[in-house]
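Subject: Structure handover

Hello,

Here is the structure I said I would pass on. Please open it beside this message and follow along; my notes come after it.

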Amino acid sequence: MDDLGNLQETWVYLSASPLFHLTLTLLAFQAASWLFEKGGHNPLLNPVLGAVVLVVAVLVVTGTDYATYFEGAQFVHFLLGPATVSLAVPLYRQWRLVRRSALAITVSLLCGSLTAILTALGVAWLAGGSAEVLASLAPKSVTAPVAMAIAEELGGVPSLTAVLVIVTGILGAMIGPMVLNIAGVRDWSARGLAIGTASHGIGTARALQVNETAGAFAGLAMGLNALATALLLPILWGLLF
Amino acid sequence: MLGHLTLIFVCQLVGELVAGALALPVPGPVLGMVLLFVILMLRGAVPEGLGQAAGGLQKAMSLLFVPAGTGVMLHFRLLGEAALPLGLGLLVSTVATIAVTGLFMAWLSRGKADG
């Protein structure tokens, strides 16, 4: 009986520890990845989406708040920085191709960046979004830390922006290939640039799994769009509102 | 490989320092990426260990977004109230951005894609 009591006590202690929530994050991602493989890479089974759904379900059922969860999950979250830095490697390997298309990249990226901002603002405004909602949504195509800083500057809710950024990333990874197929865009550099501009790191992660050229262009687009949006959006916001 | 992982961290640290000190609108890790890229250009090749470290990080990249995505539980109410503008805005904008960027790039780089 004592052993059972000890086990329960230990479990109560461990279930609130960083190790538990770190392990939960990894297990949920493994499970979601397994489902994605089993489902023949069906975009609806996107592993980031699946893992988030699983983790949220466990937290809601066990009545755990997000702050407690994040104490463990922050170790995984932290690696986003180094992973972004490491994108210099595929970029270097594809540099000849990138340099040859420098003008095309610049023009396409600026058009894409403007489209991302203006369509998000326009559609959400027409659908009755408040100023706070618009400001939180506008930088959604940009990597999370930059998007959050921009949202704050415009009067949005930064932590809501972080979620919208992740949803945009998942959405782009899910429907991007289909949109590009319908549009008849076949070459890997254009496909990667499009995915990286629209859906930052999550799109880049997906592009890297499919093709190294696409991955390099996606990583480049992610960095450039962060810069373009940080410069363009506050100016456009000032003109529109 | 540990040395190369250290190099990646040093690049990020320098990136964060520069971005913070100059109040640049670019995140530290993106500047770190530029710095590592410059180092690779100067060196003229990717050391094997760096390739492995970078490859490992990139294979795990999708996983790294799960903690931030889980933050959705903080905003269930607001997301419910603004479901229509947020949902439509995200969907239309993402489709349009991918189509516009992809079509421009394919059109402007016609004939240069191969070789």
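I start with the largest pocket, whose volume is about 630 Å³. Keep in mind that this is a predicted model. The lining of the largest pocket is made of 38 residues, and those nearest its centre are A:Thr143, A:Ala144, A:Pro145, A:Val146 and A:Met148. Both chains take part: two or more residues each come from H4 (66-78), H5 (80-86), H10 (144-154), H11 (158-183) and H13 (212-240) of chain A, and from H1, H2 (28-43) and H4 (66-70) of chain B.

Which helix gives the most to this lining? H10(A) does, with 7 residues. By residue type, the lining has 27 nonpolar, 9 polar and 2 charged residues.

Next, chain A as a whole.

An unreviewed UniProt entry gives the annotation "transmembrane region" to residues 12-36, 48-69, 75-92, 104-127, 162-183 and 216-240 of chain A. I looked at two of these spans in the model. For residues 75-92 of chain A, the figures are 89% helix, 0% strand and 28 Å between the end C-alpha atoms.

Chain B carries the annotation too: UniProt, again in an unreviewed entry, lists residues 62-80 and 86-108 as "transmembrane region". In the model, residues 62-80 of chain B are 53% helix and 0% strand, with end C-alpha atoms 26 Å apart. Residues 86-108 of chain B are 100% helix and 0% strand, and there the end C-alpha atoms lie 32 Å apart.

The last item is a pair of helices in chain B. How do H1 (residues 2-21) and H3 (residues 48-59) of chain B pack? Their axes are 8 Å apart and meet at an angle of about 65 degrees, and the crossing of H1(B) and H3(B) is right-handed. On the H1(B) side the contact is made by B:His4, B:Leu5, B:Leu7 and B:Ile8, and on the H3(B) side by B:Gly49, B:Leu50, B:Ala53 and B:Leu57. Of the residues in this contact, 6 are nonpolar, 2 are polar and none is charged.

Regards

Terms used: Residues numbered from 1 in each chain as written. Chains lettered and ligands numbered in written order. Predicted model: local features only at pLDDT ≥ 70, side-chain atom pairs only at ≥ 80, totals over all residues. Heavy atoms only, no water. UniProt positions renumbered as here; feature names shortened; annotations may be inferred. Helix = DSSP H or I, 4+ residues; strand = E, 2+ residues; numbered from the N terminus. Axes fitted to C-alpha atoms, helices over the stretch in contact; angles between N-to-C directions. Left-handed = near helix turned anticlockwise from the far one by under 90°. Contact = heavy atoms within 4.5 Å. Nonpolar A, V, L, I, M, F, W, Y, C, P; charged D, E, K, R; others polar. 1 Å grid on protein atoms, 1.4 Å probe; cavity = no way out; pocket = protein on both sides within 12 Å on 5 of 7 lines; lining within 4 Å. Points joined across faces, edges and corners; volume = space filled by probe spheres on them.
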